[in-house]
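Work through the exercises below with the coordinates open. Try each task before reading its solution.

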Amino acid sequence: MERYRTRHLLLALTAASGLLLTACSGGADSSGGSKSAHRDDYRAPTQGDELSEQRDDRRENPRHLSTFALDVDTASYDYARRALADGRFPDPSTVRPEEFVNSFRQDYERPDGDGFSVTVDGARTDDEDWSLVRVGLATRSAERTGERPPAALTFVIDVSGSMAEPGRLDLAQESLAVMTDRLRDDDSVALVTFSDEAETVLPMTRLDGNRDEVQDAIDELEIQNSTNLGAGVETGYEQAVEGLREGATNRVVLVSDALANTGDTDADAILERISGERREHGITLFGVGVGSDYGDALMENLADKGDGHTVYVSDPGEARKVFCEQLPRHIDLTARDAKAQVAFDPATVEEFRLIGYDNRRVADEDFRDDRVDGGEVGPGHTVTALYAVRTEPGAEGHLATATVRWLDPDTRDPHEESGDLETDALHDSPREAPSRFQVTAVAAWFADALRTGEDRVPGAPAGFGELADRARALADRTGDAAVDDLAEAIEQAARRRG
C-alpha cells in the first residue's frame with residue numbers, strides 16, 4: 001500500500017488570551033513528555049487532488065485510519081466516583097472511558113504558542129502482540145502573561161424541585177459567589193433561572209460597582225417546581241446575545257441536574273431553538289452537572305452538540321476547582337472544531353481499537369472538511385486518546401502517525417500538527433512506562449471494568465482488587481491527590497463486588 005504524505009504545518013495562531021479568573025490557576029505546565037520525530041513518508045493525506053486518492057485507498061484499506069473529535073469532558077468519571085461513594089455501581093451507559101482518561105494531569109510537552117503539541121507513545125502488554133498506544137495532545141499553559149479580554153458570562157441555573165437536595169442549588173450558589181468575587185471589574189455577569197418557566201433574574205451587568213447587586217441576586221435564588229431545561233437554555237442564549245460584548249469572551253454556563261421533565265427534553269430540539277445564536281455569535285455551552293440523580297445523557301448531548309464541555313461536581317471542593325480552575329480553560333478558546341486522525345501503518349499493525357470516544361467518531365474523509373463539527377479546546381488542556389493495537393508478529397518499523405487539525409478561533413484558518421511512533425519506542429510493559437502513562441492505562445482499565453463489555457482493554461489486571469493495588473502504588477509514587485481519589489474509587493468498587 002502506498003504510504004501517505006503529511007504536511008506538517010507551522011503553528012500560526014496569534015490570538016492572545018489568558019485566564020478568566022486572575023486569582024485562580026488554570027493548571028501546571030509540566031515537562032517530561034517527548035514529541036515524536038516527524039516523518040515525511042507516512043502521514044495523513046493532504047487536501048486537493050490527494051483527498052480523492054485518500055478516499056480511493058481507504059476503500060481498499062478501510063482499517064488503517066481512526067478519526068475523532070477532541071473531547072475534554074470529565075463528567076462521566078466524576079459521576080462514577082459519586083455513585084461508588086454512595087454504595088452503588090454507575091449505570092454502564094454513563095461510563096465513557098475517554099472521560100476517565102482525560103480526568104488526570106499529563107506531562108506532555110506544550111507548544112510555545114496557540115495550537116497543539118502531539119505526543120505518541122505506547123507499551124506492550126502480556127496479551128499476545130497487543131500494545132497500548134497513547135496519543136497525547138496539549139495546548140499552551142493557561143498561565144500566560146498579558147491582559148485577557150473581558151468576560152461576558154450568562155449563568156443558567158436550575159431552581160426546580162429536584163435541586164433542593166443538598167449539594168445542588170446550595171452548591172451552585174456558593175460556587176457562583178466565590179467566582180463573582182474573583183472576576184475583574186470589567187467582566188459582566190447575567191443570571192437566568194428556570195423551573196416551569198425561565199426568568200432573567202439579572203441582565204448582563206458589569207461588575208465594576210455592582211458586585212453587591214450580583215451577590216444579592218445569587219443569594220435570593222429559591223427552589224420552585226418542574227424542570228423546563230429547554231426554556232432555560234433558550235432564555236440564557238437570548239440573554240447572552242442581548243448582552244453580547246464585542247472583544248469579550250461570551251459564554252453560557254448551565255448548572256443543573258439535567259432531570260428535564262417539562263417542555264423540550266431532547267438535546268437536538270433544544271439546540272435547534274438556539275442554533276442561530278450559536279452559529280452567528282459562536283457562543284458555546286459549558287455544562288456543570290450536580291446531584292446524586294443526574295441526567296447524564298441529556299447534559300452530555302447538549303454540550304457535545306452545542307460546541308461545549310461538561311463537568312460534574314458533588315462537593316464544595318470539586319465546585320471550587322471547577323469554577324476556579326477548569327471553567328477558565330473552557331471559557332477561553334485556543335482551538336475550534338479540533339479533530340484528530342491516527343494513521344496506523346498496515347505493514348506493522350494487524351488491527352486496532354480506539355478506547356472510548358464512541359459518540360465523538362468522525363468519518364475519516366471528513367477530517368479536513370472544516371464544515372464538520374469537532375471539539376473546542378482552551379489553554380491549559382491536555383487531550384488523551386488510548387488505543388488497543390495488535391501488531392504483526394515480529395513487526396519492526398513505523399507504527400502510527402497522529403495528526404491534529406484545528407481552526408483558529410478568531411480567523412477560522414486551519415492548522416495541523418503531527419507526531420509519530422516506531423515499534424522500537426514501545427515500552428516492554430505498562431509497568432515500565434512513565435507514571436502518567438500508567439495512570440492513563442489504569443483509568444481506562446477501570447472504565448472498561450465498569451462497562452463490562454466484550455472488547456476488553458489489553459493488559460488489564462485480574463479484577464478490581466489487583467487494579468486497586470496498581471492505582472494505590474501509583475498514587476504513592478506520584479503524590480497526586482487525583483490518583484489517590486482514583487485508587488479510592490477502585491477500592492470501593494472492589495469492596496462492593498466482594
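**Exercise 1.** Does Tyr357 count as buried or exposed, and at what relative accessibility?

*Solution.* The model is predicted. The relative accessibility of Tyr357 is 1%. The cut-off for buried is under 20%. Tyr357 therefore counts as buried. Now place the residue: Tyr357 sits in the loop between strand S11 (349-354) and strand S12 (375-377). Last, check the backbone. Tyr357 is not a glycine, yet its phi is positive, near 55°.

**Exercise 2.** Which backbone atom lies 2.7 Å from a polar atom of the side chain of Ser195? Describe the surroundings of Ser195 as well.

*Solution.* Ser195 is in the loop between strand S5 (188-194) and strand S6 (198-206). Its relative accessible area is 1%, so Ser195 is buried. The backbone atom is the nitrogen of Asn225. Now list contacts, leaving aside neighbours within four places in sequence. Ser195 touches Val159 and Ser160, then Gln224, Asn225, Ser226, Thr227 and Asn228.

**Exercise 3.** How far apart are Leu132 and Gly459, in sequence and in space?

*Solution.* In sequence, Leu132 and Gly459 are 327 residues apart. In space, the C-alpha to C-alpha distance is 8.3 Å. Leu132 is part of strand S3 (residues 130-138). Its relative accessible area is 0%, so Leu132 is buried. Beyond neighbours within four places in sequence, its contacts include Ile355, Leu386, Phe437, Trp445, Val457 and Pro458.

**Exercise 4.** Describe how helix H2 packs against helix H13.

*Solution.* Two packed helices are described by the angle between their axes and the distance between the axes. For H2 (residues 75-85) and H13 (residues 481-497), the angle is about 45° and the axes are 9 Å apart. H2 is therefore oblique to H13. The crossing of H2 past H13 is left-handed. On the H2 side, the contact is made by Tyr77, Arg81, Leu84 and Ala85. On the H13 side, Ala482, Asp485, Leu486, Ala489, Gln492 and Ala493 take part. Sort the contact residues by type: seven are nonpolar, one is polar and two are charged.

Conventions. Residues are numbered from 1 along each chain as its sequence is written. This is a predicted model: local features need pLDDT of at least 70, side-chain atom pairs count only at pLDDT 80 or more; totals for chains, interfaces and linings use all residues. Side-chain values use heavy atoms; hydrogens and water are left out. Helices (H or I, at least four residues) and strands (E, at least two) are DSSP runs, numbered from the N terminus. Buried means under 20% relative accessible area, exposed over 50%, partly exposed in between (1.4 Å probe, protein chains only). A polar contact is a pair of N or O atoms within 3.5 Å; within protein, one must be able to donate a hydrogen and the other to accept it, and residues adjacent in sequence count only if both atoms are side-chain atoms. Contact means heavy atoms within 4.5 Å. Axes are lines fitted to C-alpha atoms, for helices over the stretch in contact, and angles run from 0 to 180 degrees between N-to-C directions. Angles under 35 degrees count as roughly parallel, over 145 as roughly antiparallel, 65 to 115 as roughly perpendicular and the rest as oblique. A crossing is left-handed if the near helix is turned anticlockwise from the far one by less than a right angle, and right-handed if clockwise. Ala, Val, Leu, Ile, Met, Phe, Trp, Tyr, Cys and Pro count as nonpolar, Asp, Glu, Lys and Arg as charged, and the others, Gly among them, as polar.
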